[in-house]
Amino acid sequence: MSHIIVENLRKTFFVSERSSGLFGSIRGLVQRKTRVVYALKGVSFSVERGELVGYIGPNGAGKSTTIKILSGILVPSSGKCIIGGRTPWKDRIKHVNRIGVVFGQRTQLWWDLPVIESFDLLRDIYRVPQSEYRQTREEMIDLLGLGNFLSTPVRQLSLGQRMRCDFAAAMLHRPEILFLDEPTIGLDAVSKLAVRKFIKALNKTHQVTTILTTHDMDDIEALCDRIIIIGGGEILCDGTLAALRSQVSSRRYLRIDLANDDFFFEQEGVSIISKEGRTVTLAFDPIKLSAASLISQVTSQHEVEDLFVENPPIEEIVAELYANSAEIFA
């Protein structure tokens, strides 16, 4: 049985609206207008135990609504959600004891307390046995390199330090499922690499089922074998990165470093994407023209120092998928 089962999940919000100005305020008191927002429109997917899944989409697509339902914060309008044999909004106490949540723009640590005291408070809240707590805490301190600032008040930590502490806090009660919402937002390159390394190690070593929502496609490429793309409250794609690329476009790029500045090349189905100095990028469809044939033609006409074939950036693929599904967001 899958660890997470979501079937035909729907969520509708009723948003109050009023006109601007004094007259609008007075009118709003006696005649309130409401607008219906369909945040989720029959979302369905399943996640196996130990999977690390990327859950992505544009702003307003329904990502955060889904995560809030899965974590028991929101109750759906209809549909089914079973996580580890529990319904999140019906078995909240049992459910929150088995999940960990990290929000990139919020912290679960106490702002004015030293980090270690926040950890101790969380141990009491989750009623973790002292021996188990000490073992897990020391493991997290070692994995995340927290030793130098455990006695520092949370408000004095850098963003990268605080995020690492939030990860440790989320794992103190040894959850079996981890929900990550923009965990690397605002982090520098070094901190991002540290967070990605930790997520990978956690998933591999402890088989923690993980759902990652992010706008950082580098996170997705570095961590996730499977991605689910949501747009307008509906699932647009669910599969591997390779499947996503083939679904949207078979296009490839040939990047060429020339020996001189002169470059002229015409071939049906091949276009010049960019030319910067002696570096030229060609776009082609390997179904119509193989990479080997294109390379042979280019090298027969030009002196080449180096070249390589690459896939389009994942950001480009995802943006194209959104554009192809523009009617969903209208």
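Arg196 counts as buried, with a relative accessibility of 14%, where buried means under 20% relative accessible area, exposed means over 50% and partly exposed lies in between (1.4 Å probe, protein chains only). The model is a predicted one, in which local features need pLDDT of at least 70 and side-chain atom pairs count only at pLDDT 80 or more, while totals for chains, interfaces and linings use all residues. Residues are numbered from 1 along each chain as its sequence is written, and side-chain values use heavy atoms, with hydrogens and water left out.

**Salt bridges around Arg196**

- Arg196 and Asp216 meet through their side chains in a salt bridge (3.7 Å, N to O), a term for a side-chain nitrogen of Lys or Arg within 4 Å of a carboxyl oxygen of Asp or Glu.
- Because Asp216 lies in the loop between strand 7 (209-213) and helix 8 (217-223), and Arg196 in helix 7 (residues 189-206), the pair ties together parts that are 20 residues apart in sequence; helices (H or I, at least four residues) and strands (E, at least two) are DSSP runs, numbered from the N terminus.
- Asp216 also counts as buried, at 15% relative accessibility.
- A network of salt bridges links Lys192, Arg196, Asp216 and Asp219.

**Helix 7**

- The 18 residues of helix 7 should span 26 Å at 1.5 Å a residue, which agrees with the 26 Å between its end C-alpha atoms; the expected span is 1.5 Å times one less than the number of residues.
- The buried residues of helix 7 are Ser191, Val195, Arg196, Phe198, Ile199, Leu202 and Asn203.
- Just after helix 7, Gln207 takes a positive phi of about 55°.

**Other salt bridges**

- A search of the whole structure finds 14 salt bridges.
- In one of them, the closest N and O atoms of Arg226 and Asp238 are 2.8 Å apart, and since Arg226 lies in strand 8 (residues 226-231) and Asp238 in strand 9 (residues 234-240), the pair ties together parts that are twelve residues apart in sequence.
- Arg226 is buried, with a relative accessible area of 14%, whereas Asp238 is partly exposed, at 39%.
- Glu138 and Arg137 also meet in a salt bridge (3.2 Å, N to O), in which Glu138 is partly exposed at 42% and Arg137 is buried at 15%.
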